[in-house]
Amino acid sequence: MSRLTERPQWQALQAHAQAQQALTLRDRFAAEPGRGERLCAEGLGLFLDYSKQRVGEDTLALLRELAVACGLPARIEAMFNGEKINATEDRAVLHVALRAPMDASILVDGRNVVPDVHAVLDHMADFSRRVRDGRWTGHTGKRVRNVVSIGIGGSDLGPVMAYEALRHFSARDMVFRFVSNVDGTDFSEATRDLDPAETLFIVCSKTFGTIETLSNARAARAWCLAALGDETAVAKHFVAVSTDQARVRAFGIDPGNMFGFWDWVGGRYSMDSAIGLSTMIAIGPEAFGEMLAGFHAMDEHFRHTPLERNLPALMGLIGIWNSNFLGADTVAVLPYAQYLKRFPAYLQQLTMESNGKSVTLSGERVDYATGPVYWGEPGTNGQHSFYQLLHQGTRLVPCDFIGFIETDNPVGEQHDLLMANLFAQGEALAFGKGVAQLAAEDVAPALIPHRTFEGNRPSSTLLAQRLDPHTLGLLVALYEHSVFVQGVVWDIDSFDQWGVELGKSLAVQTGAELAAADAPVLKHDSSTNALIQRYRRLRPQRGAGPSP
């Protein structure tokens with residue numbers, strides 16, 4: 001197979017980009033009546049307006065040709081058929097099985113995994129109902145009113161994002177907290193005002209050996225037992241999302257309260273697995289089922305819809321155009337919905353852990369950009385923070401605006417104001433404000449350079465009727481599959497994450513050195529050695545308080 005940059009489809013896109021370089025969005029809209037009605041796609045209740053991207057129908061046709069040449073249709077089928085497309089770990093990639101209906105058949109090594117998925121979902125539903133209606137009680141007989149989920153990475157970012165996104169649908173007589181950082185402050189602040197007798201901990205670790213998660217779980221165990229004083233209390237206040245029954249049992253958790261998942265589910269793709277137990281307790285099994293239905297609907301759309309109308313494919317291919325042919329290194333995700341305040345952080349892991357790769361599936365170094373940086377904040381907050389750079393800075397930052405026609409919390413005319421800002425920002429980024437317009441407004445000549453907006457900044461706008469569990473499932477699956485599209489074109493493995501391993505293994509070594517009673521001989525570089533020595537010299541003695 002030829003290298004990506006040697007493919008005629010790639011070279012055609014390079015020539016096309018060069019030919020289109022001087023054509024601005026203002027020019028495009030002037031020359032193309034009805035562009036805003038034409039360059040858009042709709043499906044499953046989502047409306048994607050990409051007319052403010054620096055693309056034409058000819059650009060999209062070339063991108064589709066590239067995707068087909070890179071084998072995208074076959075790769076989609078390979079994923080859904082359970083083939084081991086995670087090449088470096090020899091694993092299937094089947095987050096789509098987590099939301100498949102009971103009558104579906106998805107095979108891994110000849111075994112239909114869908115019944116296993118639904119057995120776990122039924123187990124989760126039964127447990128969630130007992131917690132929500134008070135039948136599950138703590139060691140002292142008190143009802144559980146606080147749920148603390150302990151995880152890290154995908155075991156935390158997904159549940160946190162989902163809870164915040166669906167808070168409107170959550171049990172308001174319960175408290176939900178999340179602990180991920182090994183910094184003791186995270187645990188201390190999450191539990192400071194909670195009653196241990198009313199608190200349930202969900203420990204999320206596939207191997208039950210993730211060092212940060214287990215450190216926080218042990219802190220939770222000590223906190224619980226300090227108040228309840230009985231080792232048997234652990235079984236009433238802790239459950240596990242894991243696959244290692246021996247370690248779970250050794251911790252004191254009843255294996256009957258262990259919720260499993262599989263090695264064909266990557267952490268950043270696991271929020272709709274047992275990792276979502278806190279989400280199910282918060283919103284209830286029925287609403288969780290609606291979310292799964294949203295995921296599955298987008299899966300089916302992605303698998304069966306032609307590329308020209310395929311929402312994840314369109315988003316993924318436009319992202320490749322912006323990154324590889326317009327030179328954008330970053331994408332801003334800007335949800336005009338306070339409930340989605342953690343959505344950009346969730347997407348950071350989904351996109352950057354998936355496609356932050358520099359070698360191809362065959363191990364060759366790439367000679368093109370992959371994995372742009374994803375970031376963002378909810379509108380309208382970001383407008384008073386970083387939008388200055390988006391509008392007048394020197395960097396090209398494509399934007400994804402996300403908005404909803406209806407709000408769950410109508411307060412006066414505030415939702416209309418929120419959406420007015422969303423629409424206005426996309427318009428301002430695209431068309432800007434030029435010298436002639438400023439001069440016509442009698443702006444002082446000395447100020448015109450400072451008040452000029454060059455425009456031609458690309459953005460897409462994604463609209464849905466309402467943010468509810470079904471819509472959240474659609475949104476997450478939309479981005480999951482757009483990431484996959486980009487990984488296929490870039491010829492990288494979007495489903496491994498070897499880049500996180502080196503720092504983790506070095507931290508284990510360094511942690512042992514910090515814990516040693518006698519200072520060991522350090523064998524790091526001179527900078528790391530000096531930092532370790534300084535920390536050891538200046539840290540408080542064990543049990544001592546902070547320095548004044």
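## Exercises on helix packing, burial and salt bridges

Helices α1 and α4 are roughly antiparallel to each other. The model is predicted.

### Exercise 1. The α1 and α4 pair

Work out why α1 and α4 are classed as they are, then describe their contact.

**Solution.** 
- Step 1: take the geometry. Helix α1 (residues 8–19) and helix α4 (residues 57–69) pack at an angle of about 160°, and their axes are 9 Å apart.
- Step 2: apply the cut-off. Angles over 145 degrees count as roughly antiparallel, so α1 and α4 are roughly antiparallel.
- Step 3: The crossing of α1 past α4 is left-handed.
- Step 4: list the residues. From α1 come Q9, W10, A12, L13 and H16; from α4 come D58, T59, L62, L63, E65, L66 and A69.
- Step 5: sort them by class. The contact of α1 with α4 holds 7 nonpolar, 3 polar and 2 charged residues.

### Exercise 2. The α14 and α20 pair

Are α14 and α20 parallel or oblique to each other?

**Solution.** 
- Step 1: helix α14 (residues 311–325) packs on α20 at an angle of about 50°, with the axes 8 Å apart.
- Step 2: roughly parallel needs an angle under 35 degrees, and roughly perpendicular needs 65 to 115. The pair α14 and α20 is therefore oblique.
- Step 3: α14 and α20 cross with a right-handed sense.
- Step 4: α14 contributes L311, P312, A313, M315, G316, L317, G319, I320, S323 and N324, while α20 contributes L478, Y479, H481, S482, V485, Q486, V489 and W490.
- Step 5: by class, the contact of α14 with α20 has 11 nonpolar and 7 polar residues, and no charged ones.

### Exercise 3. The α13 and α20 pair

Describe how α13 meets α20, and find where A477 sits.

**Solution.** 
- Step 1: the axes of helix α13 (residues 285–304) and α20 come within 7 Å, crossing at roughly 35°.
- Step 2: the crossing of α13 and α20 is right-handed.
- Step 3: on the α13 side, the contact residues are A287, E290, M291, A293, G294, F295, A297, M298, D299 and F302. On the α20 side they are P469, H470, L472, G473, L474, V476, A477, L478, E480, H481, F484 and V485.
- Step 4: the class count for α13 with α20 is 15 nonpolar, 4 polar and 3 charged residues.
- Step 5: turn to A477, which lies in helix α20. Its relative accessibility is 0%, so A477 counts as buried.
- Step 6: leave out residues up to four places away in sequence. A477 then touches R99, F295, M298 and D299.

### Exercise 4. The surroundings of F259

Is F259 buried or exposed? Which residues is F259 in contact with, beyond its neighbours in sequence?

**Solution.** 
- Step 1: F259 lies in strand β9.
- Step 2: its relative accessible area is 0%, so F259 is buried.
- Step 3: set aside neighbours within four places in sequence. The contacts of F259 are H123, M124, F127, V239, A240, V241, S242, A274 and L277.
- Step 4: check a distance. F259 and I275 are 16 residues apart along the chain, and their C-alpha atoms are separated by 8.5 Å.

### Exercise 5. Salt bridges

How many salt bridges does the model contain?

**Solution.** 
- Step 1: the count comes to 28 salt bridges.
- Step 2: take E353 and R268, whose side chains meet at 2.9 Å, N to O. This pair links distant parts of the chain: E353 is in helix α15 (residues 343–355), and R268 is in the loop between β9 (258–259) and α12 (277–283), 85 residues apart. R268 has 2% relative accessibility, so R268 counts as buried.
- Step 3: take D408 and R466, bridged at 2.6 Å, N to O. D408 sits in the loop between β12 (399–404) and α17 (414–431), and R466 in the loop between β13 (459–464) and α20 (469–490), 58 residues apart.
- Step 4: compare burial with the cut-offs.
- Step 5: salt bridges with shared partners join E32, R35, R38 and E57 into one network. Within it, E32 and R35 form a salt bridge of 3.1 Å, N to O. R35 has 1% relative accessibility, so R35 counts as buried.

Definitions and conventions: Residues numbered from 1 in each chain as written. Predicted model: local features only at pLDDT ≥ 70, side-chain atom pairs only at ≥ 80, totals over all residues. Heavy atoms only, no water. Salt bridge = Lys/Arg side-chain N within 4 Å of Asp/Glu carboxyl O. Buried < 20%, exposed > 50% of the residue type's maximum accessible area, 1.4 Å probe, protein only. Helix = DSSP H or I, 4+ residues; strand = E, 2+ residues; numbered from the N terminus. Axes fitted to C-alpha atoms, helices over the stretch in contact; angles between N-to-C directions. Left-handed = near helix turned anticlockwise from the far one by under 90°. Contact = heavy atoms within 4.5 Å. Nonpolar A, V, L, I, M, F, W, Y, C, P; charged D, E, K, R; others polar.
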